[in-house]
Structure formats: structure tokens, C-alpha cells
Amino acid sequence: MNNRWRLIALWLLPIGMVLLLSWQLLGSNNPNSIDSKVTTAAPRNTAIARMSYGRFLDYVESGRVTSVDIYEGGRNAVVEAVDPELDNRVQRIRVDLPGLAPELINTLKEEGISFDIHPVKTAPPGLGIIGNLLFPIILIVGLILLARRSNSMPGGPGQAMQFGKTKARFAMEAETGVKFDDVAGVSEAKQDLEEVVTFLKQPEKFTSVGAQIPKGVLLVGPPGTGKTLLAKAIAGEAGVPFFSLAGSEFVEMFVGVGASRVRDLFKKAKENSPCLIFIDEIDAVGRQRGAGIGGGNDEREQTLNQLLTEMDGFEGNSGIIIIAATNRPDVLDSALMRPGRFDRQVSVDTPDVKGRLSILKVHSRNKKLSDNLSLENIARRTPGFTGADLANLLNEAAILTARRRKLAITLSEIDDAVDRIIAGMEGQPLTDGRSKRLIAYHEVGHALIGTLVKAHDPVQKVTLIPRGQAKGLTWFSPDDDQMLVSKAQLKARIMGALGGRAAEDVVFGHAEVTTGAGGDIQQVASMARQMVTRFGMSDLGPISLEGDSQEVFLGRDLMTRSDVSDAITKQIDEQVRTMVKFCYKETVDIVKNNRDAMDKLVEVLIEKETIDGNEFCSILKEYTNIPEKARSFESIK
Ligand code: ADP
Ligand code: MG
Ligand code: ZN
């Protein structure tokens, strides 16, 4: 609304200006207006009579004139004369004079007529013109200023009037300064992309044998794995400009803006070829057309169509390569993946332990690490961390180091940083009391099951220092890169998660169990359900009983259709319940059989607040046999 008024005002102003100007010009042509420059003007009384100069001379001679006021350097005068026919009534008459003739003055003197010559106080001639022009000039200057300012104001009328033009919505970096060396842990992706560098650097190599250089590469992977970084590295290695733009910026308020942005982007790119265009979050525009809740988004479809047209429009060998990134390739429109568009897909995955190690090496280049700090141990402690997480981890550790006034990052800072990234900020430990005891039993319960069930990941540490939402925490060291998880492992995880509640139950009694196990129980339910419906690990057999429920709202299907009948649904519930009940019974048994060990462990935990995995094991060993784990946790302390 506001914008519209501004627009109207902008249009009205010039019109008003023209009107004013013409009024001014007309005004100066008006013969009467000359008076306006005379400060002491002859009274412009329209009722006043006029007479000719000759008649005036007659009047003077006949002695009827009593006084004369001369104005304008003798060009006119107002005469007071008596009319003998009308009882000598005084009349004021206006006379146009031929000029201030000395004869006239002499005559007036001779006749004894009082006269007065009013000085001409005209403004200097230049000033008059300026005076006339001043207002329009102010107006014009004002207009220019207004137009300027609104141009620079985002969303101002200036922008509204030229909205098709991209106002630097894409960024161009002439030189990214990123090299492949800066990207680590994604060696396969790097290999695939090294070829793209050659496409940009030495296209002749391919074109000479008649090869078409691919136009687009789609980088697929979870956030933070280094997709943007890779794209920059390609541009950096090839030494070409890097144009980047996020898919979400295509989709704008004004219909047609996205499409014109695409046009602009490609135009600019063609002017700067060879170059690389990077489109981040391409799923924002490239989603399956005509899908999604509430029907398709026309604007998005137009933008996508424009993108496809542009991609088809330029020759394969024009030196422009488009790299797009997404973490949802499943929702992309298939037209995008057609050969000749993003026909190459490169997946960028979360790094494995070796990858993490090399990423840590890259990011520790500019950090001071203490000598005995082993990056391998950090890499091992951080399964599931992406490149961005690891960069963040080292940075957090460096901040902690500075806060602790140390000269180099040590293991304890890394440890704290990992805990903080995973579980949140450290809180104040509870004071001794009943709830602290209960939490201690709960955590020891988790750790006990984790240690005594063979298939469970080993315990890394148990702590009563709260972090984030958790009042106490038991850390396990998951096997790195668990691509495949066995049924025994899943069962062990369910038991481990139930360990906390089982301990509360056994030690404090059924009536005293707390809400603290809420999160654990949720996990249990979801794991058990997946075992039944997705992994075919129940008596119902290897049947997938659930669609991929994550796709709702994200494009293709409005809802996931349920493939199962009511009878099966009931069976699923039964299976889940049986499985969890069985696991819980086993868990409770383990807790009951190790009551003494638990009491001891709780005592130590309350005293020390934190016990590490090795210490936990050595205390437990005095009471019972600990099964040999496939991997034992190597303490990083
Ligand atoms: P994405 O685009 O996949 O979400 P980015 O490329 O933006 O992730 O990564 C963010 C930051 O994380 C990078 O600037 C870099 O510091 C770090 N990073 C991510 N992946 C890697 C990697 N493989 N090697 C080195 N640093 C990485
Ligand atoms: Mg990115
Ligand atoms: Zn718990």
C-alpha cells in the first residue's frame, strides 16, 4: 500500500511541476505583473480614471491639477485634479507619461503644482528571473533527491519500478581463494569434480574429440558436508569467477521476478565465461512441478521453467558450468535430472573416521594444539559429525582454551566442546539429595546394561553434571560408521535405553519411578516399531509395513498411503509391545542381579560426579564377569 502511494506521488510531482512552471511563465507575460517588481507601485485601483498625456497637459494649463505623483521613472503618474463642473471635487486620474521629461517638471514647478517622484525600486533584473525559476529548481532538485533515495531503499518505489532487474541478488566472486586442499574427507566427490575443473580449464581437450561438456552437476548431501565449499574449490582451482545464488532467492513475492533473475544471472555469466554458477538449495525451485499442498506455486514453476530454458539455451561448450546443491534429491523435478541438464550427480556424504581426521587436519592448520593431543582420538569420538560440525568443534575448543587462559588446545577442551555440541551447555551439578541419588541410579542403570549386554556399544563415561535438558548423562562410544545394525544390536540398544527406568524401578519401587525416563521410553518405542515395520525383525516376517513417512508435505504425495490393514496394524502394536516387554524383563533381571555393584557404582559416581568407561568397568569387574566386546573403548584420556 505504502509503495503504491509513493508511486502515485512520484507521478503527481512532475505534473505539478509543469503546471507551476507554466503558471510562472504565463505570469511573467502578464503586463500587470510588472508591478510586482515595483515596490512602490501606482495604486492599481481599477476604479481610477485614465486620461491621455495631452489631456493631462490641458488640465495642467487650466490649473485643475493639484498634485502629481510620478511613478516608474516617469512612465506613469497619478494626478489629482479638481473638476469645476462637479463642485471642484478632487479626482484621481491616471496618466501614461512618455517619460520623465525635464519640461514637464519645469511646467509643474511653474504652475505651482505639488509633485512627487517616487523612486523606482525594481529588483535587479537577474534576481527576477531567478525568483521565477527558484521554485521549479527546488522542485526538480527535490525530485531527483527523492528518486535517488528511494532507489537505494530496498522495497522503495525505485525498486518497484525496476523489479525485474536483479539487484545484486546473486553474488559474484572473481576469485574464491578456495582450493581442493581445503576440502577434506570427501575424496570420491573430489575425484568426480576434478574433471569439472578440467572442463573449465581446458575445454579443448574434450571438444577436440567431439565430446559435449556437461552443463550441470548436482551435489547431493546433508547440510554442512562441504557442498558449497566444493563448488568454490572448483572455481578456485579452475581460476574462474564464481556466481552463487540460493534457490530460495529465486522464489520471490513478485510473479516473474524469479524467472527474470534466472535470465539476468545467465546473462551475466555468459559475459564472464568461463565461469561457474552455483545454485544452493535448488530444491526450493526445482521441486516436482504441480505438487505439494495447496497446488503448485506458479512463480516457482515459472522460475524452474526459465532455468530449464536457460540451461537448454546455452551451448554445452560455452564455458559455463552449473553446480547445484541439495539435500533432498528425491523431491527434485525429474526434468532437472535429464541428460543435458544436471545429468551428473555427486554425493557428498558425512565423513567417516578417516575423513573426519583429514578434515580436522585442515581446520587445525591455524590453531595451536598441545603436543599430546591426538586428532585421531577426536575423529574417533565424533561419529556423525559433518565437516561443518568439526570446524565448529575446533573453534569451540579454541574459545574454551582462550577462556581458560591456556596456550594451546588440550584434550579436555576438545572433550568439553564435543559434549557441548552434542548435549548442550553444562549446568550446575545438583546438590546431594534424593533426586541426585535417583539420577545416579538411573544413569548407572544405563551404563550397567551398556556394559553387560554384549552387543551394546561400550560406555565412555557416566556423569551427573547436567547438560542441556539432561540432568545426568551416560555416554556410549558408538561404533564408527554403523552402516548396518544387527537385530542383536538394536535389542541391546532398547535394553540400554530401558536401563535407567529399570534401575529406578528396582531400587526405588514401582511407585517411585520418575518422568526422567520419558525420553528413553520414546526412543525405545520408535526403535521397536521400526524393527517391526521397516526392518522385518519380528514374527510378522520380512515385510515392509510402512511407507517412507518423511515425504509427507514435501512434494510428491500429499499423504503416504497406508498399505496395511487394520488387522495388521493391530498385529504391529502387539509385536512392538511384546518386544519391549521382553526387553524390559531382561533388563530388570540384569539390574536385580547386580544390585551390589550398582550401589557401589552409585556411591562412587555421587562422590566423583563423573566416571569414565574404564573406571566403570574395573569397579564392575570386582562383582561380575564382563563380556568381551567386539571393540573396546579406547580411552582418549
Ligand atoms: P554445505 O554447503 O554442504 O551445507 P558448507 O560447504 O557450507 O556445507 O560447509 C560449511 C563449512 O564447514 C565450510 O566453510 C568449512 O569450514 C566446513 N566444512 C564442511 N565440509 C568440509 C570438508 N569436507 N572439509 C573441510 N571443511 C569442511
Ligand atoms: Mg551450503
Ligand atoms: Zn535415561
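Buried residues account for 42% of the 637 residues in the protein, which is seen here as a predicted model. In secondary structure the count comes to 23 helices and 14 strands. As for contacts with a separation of 6 or more, 73% of them link residues 24 or more positions apart.

Now to one pair of helices. H6 spans residues 187-201, and H8 covers residues 227-238. The two pack with their axes 9 Å apart, at an angle of about 40°, and H6 and H8 are therefore oblique to each other. Their crossing is right-handed. On the H6 side, the contact is built from Ala-189, Lys-190, Leu-193, Val-196, Val-197, Leu-200 and Lys-201; H8 brings in Leu-230, Ile-234, Glu-237 and Ala-238.

Thr-176 sits in the loop that runs between strand S6 (171-173) and H6. With a relative accessibility of 12%, Thr-176 falls under the 20% cut-off and so counts as buried. What does Thr-176 touch, once neighbours within four places in sequence are set aside? The list is Lys-232, Ala-235, Gly-236 and Phe-242. Gly-236 also takes part through its backbone: the nitrogen there lies 3.3 Å from a polar atom of the Thr-176 side chain.

Note on methods: Residues numbered from 1 in each chain as written. Chains lettered and ligands numbered in written order. Predicted model: local features only at pLDDT ≥ 70, side-chain atom pairs only at ≥ 80, totals over all residues. Heavy atoms only, no water. Helix = DSSP H or I, 4+ residues; strand = E, 2+ residues; numbered from the N terminus. Buried < 20%, exposed > 50% of the residue type's maximum accessible area, 1.4 Å probe, protein only. Polar contact = N/O pair within 3.5 Å; in protein donor to acceptor, adjacent residues only side chain to side chain. Contact = heavy atoms within 4.5 Å. Axes fitted to C-alpha atoms, helices over the stretch in contact; angles between N-to-C directions. Parallel < 35°, antiparallel > 145°, perpendicular 65-115°, else oblique. Left-handed = near helix turned anticlockwise from the far one by under 90°.
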